[in-house]
Amino acid sequence: MKSSHRWLAGGTAAVIATLLWPGPGASADTSLGGYTAVAEAAVVHFEIYDPVIPIPSDPQIDASVGYTKSNVDSGPTSRALSSYLWPGVTVGDGFDQLLKKPGTQYPVQTNSRYPATTGAPAKNAVQLTDGNGMTTSTDGLNTKSSVTLLGIAGPDTNLVGGIGTGLGQLSGKSSGGPKVKSTTLPLPVSAPLAALVQCQNLTSTSTVDVADKTVTSEAHASVSTISLLGGLVKVNGLDVDSKVVSDGAKATSTANSTITSISVAGLRIPVDDQGVNLGLPALSTTVSGVLKTLGLQFATIPVTKTTQGSSGSAVAQALQISIDTKPLKAVLNTVLDPLAAKIPRNMRDQLQPILDLAPKFVITIGNSNATADASPAYDGGSVPAGSDGGVIGTTGGGTSGTAGGGTGGTSGGNTSPLAPGTGTGGGSVPIAGSTPIAPAAFRALPALGDVPRMLILGGLVLAAAVGWAMRRAGGLLLGGARNCDFGLATGVPDLRKG
C-alpha cells in the first residue's frame with residue numbers, strides 16, 4: 001500500500017470515529033448510571049384460552065381496548081405505543097409475519113421512538129373520528145402515550161364524521177398533533193366488537209419520565225361506562241392508577257383502583273375478591289356457586305405493590321370476569337353430537353376443530369401496570385487530599401507514617417499499602433482499591449462528548465498537517481533517503497550478513 005493511501009485511510013477512520021462519538025445528548029440530562037421503566041394501561045383486556053386456536057401464544061387471543069404503553073431503557077432507547085384496539089404483542093408487532101407480507105404494519109396504532117424513525121417519529125397523532133384519538137411522543141427521556149375515546153360504538157355513531165382526519169395517518173405518519181374536539185361522537189366500530197364492548201368517556205395514559213436523579217413510571221386508565229356482552233354486564237366509574245419512582249437506591253410504589261357500581265342483567269350487585277358478595281355469606285356462596293356451574297365468575301382484584309431496593313412495581317386491576325364455555329359446551333354436545341353424526345365423515349373432519357372449541361374468556365376491567373428500576377452513576381471513589389495537596393495514606397521520602405507529599409495516617413501507623421519507611425520519594429501512592437484524585441486542572445476539562453466535533457476534527461487535521469511537514473523535513477535533512485557515499489543501501493543494515 002502506498003504511503004499516501006495509508007494516510008488517506010487513517011484520516012478517514014479518524015473522521016468517522018469522531019463523527020460517531022456520542023456527543024451531548026439526552027443521556028446528559030440525567031445523573032443516573034442506568035435505568036429501565038415500563039408503563040402499560042388498558043381500560044378492558046380480553047384473553048381467550050383454547051389450544052385448538054392455531055396461534056402460537058398463551059393466551060391464544062389477547063386484545064385490549066384503550067391500550068397504551070411507554071418503555072424507556074438507558075442509552076437512551078424508548079418507545080411509546082397507543083391503540084384504541086390492540087391485538088396483543090404477537091399479532092400487533094408480528095402482523096407482517098402473520099400476513100407473510102414484510103413491512104406490513106397493524107393499522108390501528110400510533111408509535112413514537114427514540115431514536116426516531118420514519119414510521120415512529122418523535123411526535124405522532126392519529127384522529128380516528130371527532131374526539132377519538134391516539135397520540136405518542138418521546139425524546140428519549142420523556143415518553144408518553146395516550147388514547148382518548150369519548151365513545152366507542154353507540155346508537156348515534158356517525159360512520160363518516162371526522163374520519164378523514166386520521167385514517168391517512170394509520171401508517172405511522174405524523175399528523176402534527178392531536179385534534180380532539182368537544183363532542184360525544186362515538187368511534188365507529190364493527191358490529192361484533194360493538195356487541196362485545198361499548199365504552200363512554202375513555203382515557204388511557206402511560207408515561208415514563210427520566211429526571212436528573214429519578215425515573216418515574218405511571219399508568220392510568222379510566223372510563224365512565226363500560227357495557228359488555230350486549231349490555232349483560234355494566235360497569236360504571238372505573239379508575240385505576242399505578243406509579244413507581246426509583247432514585248437508584250430506593251423505589252416507591254403506589255396503586256389505586258376504584259369501581260362505582262357493577263350490574264348484571266340490570267341487577268346491581270356488590271363484588272369482592274371472593275366473588276359476589278350479597279351481605280349474607282350463605283346466599284353469596286349459593287349465588288357464586290350457581291354462576292360457577294354456568295362457567296361465570298366475578299372477582300375484584302386487590303392492587304399489588306412491591307419494592308426491592310431500587311426496583312419497584314405496581315399493578316392495579318379493578319374487576320375480572322371469567323367465562324368458561326366448557327359447562328355450556330357439555331350441555332350443547334348432547335344436542336350437537338347426534339346431529340354431527342349425520343354429517344358425512346370428510347365434512348365432519350373439516351368441522352371437527354370448530355366443534356372442539358370450548359374457549360375460556362377472561363375479561364379484566366381496568367389494567368394499569370408500572371415498573372421502574374435505576375442505578376446511580378458509577379463513582380470509582382476518591383482518595384482524600386492532605387492539607388498540603390498530598391494524599392492521605394501515602395508515603396513520601398520519610399521513614400514513618402508521614403510523607404513529604406502530604407500527611408500520613410499517624411506516625412508509625414501509615415495507612416498506605418506500602419510498609420512504613422518504603423516510600424517512593426516525593427510522589428504519592430493511592431490506597432489499594434481506590435481511584436486517585438485527578439489534578440484540578442484535568443478535572444476542570446470538559447468531557448470528551450461535550451467537545452464540539454468540528455474542534456476535534458480541526459485538531460486532527462492540524463496534527464496530520466504537522467506530521468506531514470515533519471516527515472517532509474526529515475526527508476530533506478536525511479538526504480531524501482538516497483544511498484550514502486560509501487555505497488550502503490538505505491534503511492537499517494542487516495547485521496547478520498558479513
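Is serine 263 buried or exposed? In this predicted model, serine 263 has a relative accessibility of 15% and therefore counts as buried, the cut-off for that class being under 20%.

## Setting of serine 263

Serine 263 belongs to strand β12, which covers residues 261-264. Apart from its neighbours within four places in sequence, the residue contacts Leu232, Val233 and Lys234, together with Arg268 and Ile269.

## Overall composition and confidence

The chain holds nine helices and 19 strands. It has 498 residues, of which 35% count as buried. Among contacts with a separation of 6 or more, 66% are between residues 24 or more positions apart. The accessible surface amounts to about 27500 Å², and carbon and sulfur atoms contribute 61% of that area.

The average pLDDT of the chain is 73, and 57% of the residues reach at least 70. Of the chain's elements, strand β4 (residues 110-114) has the highest mean pLDDT, at 95, while helix α8 (residues 440-443) has the lowest, at 53. Two stretches with pLDDT under 50 may be noted. Over residues 22-27, the model has twelve contacts beyond four places in sequence; over residues 391-436, the corresponding number is 83.

## A nonpolar surface patch

Leu462, Val466 and Met470 make a nonpolar surface patch of about 330 Å². Methionine 470 lies in helix α9, which comprises residues 453-477. With a relative accessible area of 59%, methionine 470 is classed as exposed, because the value is over 50%.

## Backbone geometry

Most residues other than glycine have a negative phi, and most peptide bonds are trans. Against this background, several backbone features deserve mention.

A cis peptide bond links glycine 75 to proline 76, with omega near -5°. Proline 76 is located in the loop between β2 (61-73) and β3 (77-86). The bond between tyrosine 114 and proline 115 is also cis, with omega about -5°. Proline 115 falls in the loop between β4 and β5 (123-129).

Positive phi values occur at lysine 100, where phi is near 60°, and at asparagine 201, where it is about 55°. Lysine 100 is situated in the loop between α3 (95-99) and β4, and its relative accessible area of 73% makes the residue exposed. Asparagine 201, by contrast, is part of strand β8 (residues 197-210); its relative accessible area is 41%, so asparagine 201 is partly exposed.

How values were computed. Residues are numbered from 1 along each chain as its sequence is written. This is a predicted model: local features need pLDDT of at least 70, side-chain atom pairs count only at pLDDT 80 or more; totals for chains, interfaces and linings use all residues. Side-chain values use heavy atoms; hydrogens and water are left out. Helices (H or I, at least four residues) and strands (E, at least two) are DSSP runs, numbered from the N terminus. Buried means under 20% relative accessible area, exposed over 50%, partly exposed in between (1.4 Å probe, protein chains only). Contact means heavy atoms within 4.5 Å. Patches are made of residues with over 30% relative accessible area and no salt bridge: like charges are joined within 9 Å, nonpolar side chains (Val, Leu, Ile, Met, Phe, Trp, Tyr) within 5 Å. Accessible areas come from the Shrake-Rupley method with a 1.4 Å probe; for residues, only the protein chains shown count as cover. A salt bridge is a side-chain nitrogen of Lys or Arg within 4 Å of a carboxyl oxygen of Asp or Glu. pLDDT is the predictor's confidence in each residue, from 0 to 100.
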